[in-house]
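Please examine the protein shown below before reading the notes that follow.

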Amino acid sequence: ALTDLVLDHCGIESTAMSHLCEGLSTLSTLRVLNLSYNCLGTEGTRHLATVLRGCHDLTDLDLGGCGINSTAMSPHLCEGLSTLSTLRVLNLSGNSLGTEGTRHLATALKGSNSLTHLLLYRCGIDGTALAHLLE
């Protein structure tokens, strides 16, 4: 069974993401998913959030540089992230999360006991956003 799927820099946009997610929804054994540097945006992250709810073994999720902003973070992506009880590594670097998106992310990750690496460089995070993460 497929456990690692790396599709970085593949030019995947929101329309293609809906088709990709149909296939991803059948991969219950997926542990690593790398979609970095694809233009997912708000619509693509909505499709992904639905899939994440069924990825019970996912340990590494890389969404760096995917055009995710505060609108894309809430509520859809954050709801999907909050269900990932085995997630150890989350990369959201290079997305414009800002204070609002980071606040939503902090809420989504609040109950996570497994997360050991959270990568958020170049996300437009200020002191207020950082405070939300550290609460």
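In what order do the elements of the protein run from the N terminus on? They run β-α-β-α-β-α-β-α-β-α, and the protein has five helices and five strands. Helices (H or I, at least four residues) and strands (E, at least two) are DSSP runs, numbered from the N terminus. This is a predicted model, in which local features need pLDDT of at least 70 and side-chain atom pairs count only at pLDDT 80 or more, while totals for chains, interfaces and linings use all residues. Residues are numbered from 1 along each chain as its sequence is written, and side-chain values use heavy atoms, with hydrogens and water left out.

**Overall form**

- The C-alpha trace spans about 40 × 30 × 20 Å along the principal axes of the protein.
- Of the 135 residues, 44% count as buried. Buried means under 20% relative accessible area, exposed means over 50%, and partly exposed lies in between (1.4 Å probe, protein chains only).
- Among contacts with a separation of 6 or more, 85% are accounted for by residues 24 or more positions apart. Contact means heavy atoms within 4.5 Å.

**Charges**

- The protein carries 7 positive and 12 negative side chains, and the centres of the two sets lie 5 Å apart.
- Lys and Arg count as positive and Asp and Glu as negative, whereas His and the chain ends are not counted. The place of a charge is taken as NZ of Lys, CZ of Arg, CG of Asp or CD of Glu.

- Helix 1 (residues 14–24) has the buried residues Met17, Ser18, Cys21 and Leu24. Seen down the axis of helix 1, these buried residues fall within an arc of 125°, so they line one face of the helix. The arc is that of the directions from the helix axis to the C-beta atoms.
- An α-helix has 3.6 residues a turn, so residues three or four places apart point the same way.
- The exposed residues Thr15, His19 and Glu22 are on the face of helix 1 turned away from its buried side.
- The cover over the buried residues of helix 1 includes strand 1 (4–6), strand 2 (32–34) and helix 2 (41–52).

**Two pairs with the sequence separation of 27**

- Leucine 115 is placed in the loop between helix 4 (98–109) and strand 5 (117–119). The C-alpha atoms of leucine 115 and arginine 88 are 27 residues apart along the chain and separated by 4.0 Å.
- Neighbours within four places in sequence aside, leucine 115 is in contact with Leu87, Arg88, Val89, Leu90 and Leu109.
- Glutamate 43, in helix 2, is 27 residues from serine 70 in sequence and 13 Å from serine 70 in space, C-alpha to C-alpha.

**Backbone details**

- The peptide bond from serine 74 to proline 75 is cis, with omega near -5°. Proline 75 is placed in helix 3 (residues 70–82).
- Tyrosine 37 lies in the loop between strand 2 and helix 2. Phi of tyrosine 37 is near 60°, a positive value in a residue other than glycine.
- Arginine 122, in the loop between strand 5 and helix 5 (127–134), has a positive phi of about 55° although it is not a glycine. Arginine 122 counts as exposed, at 57% relative accessibility.
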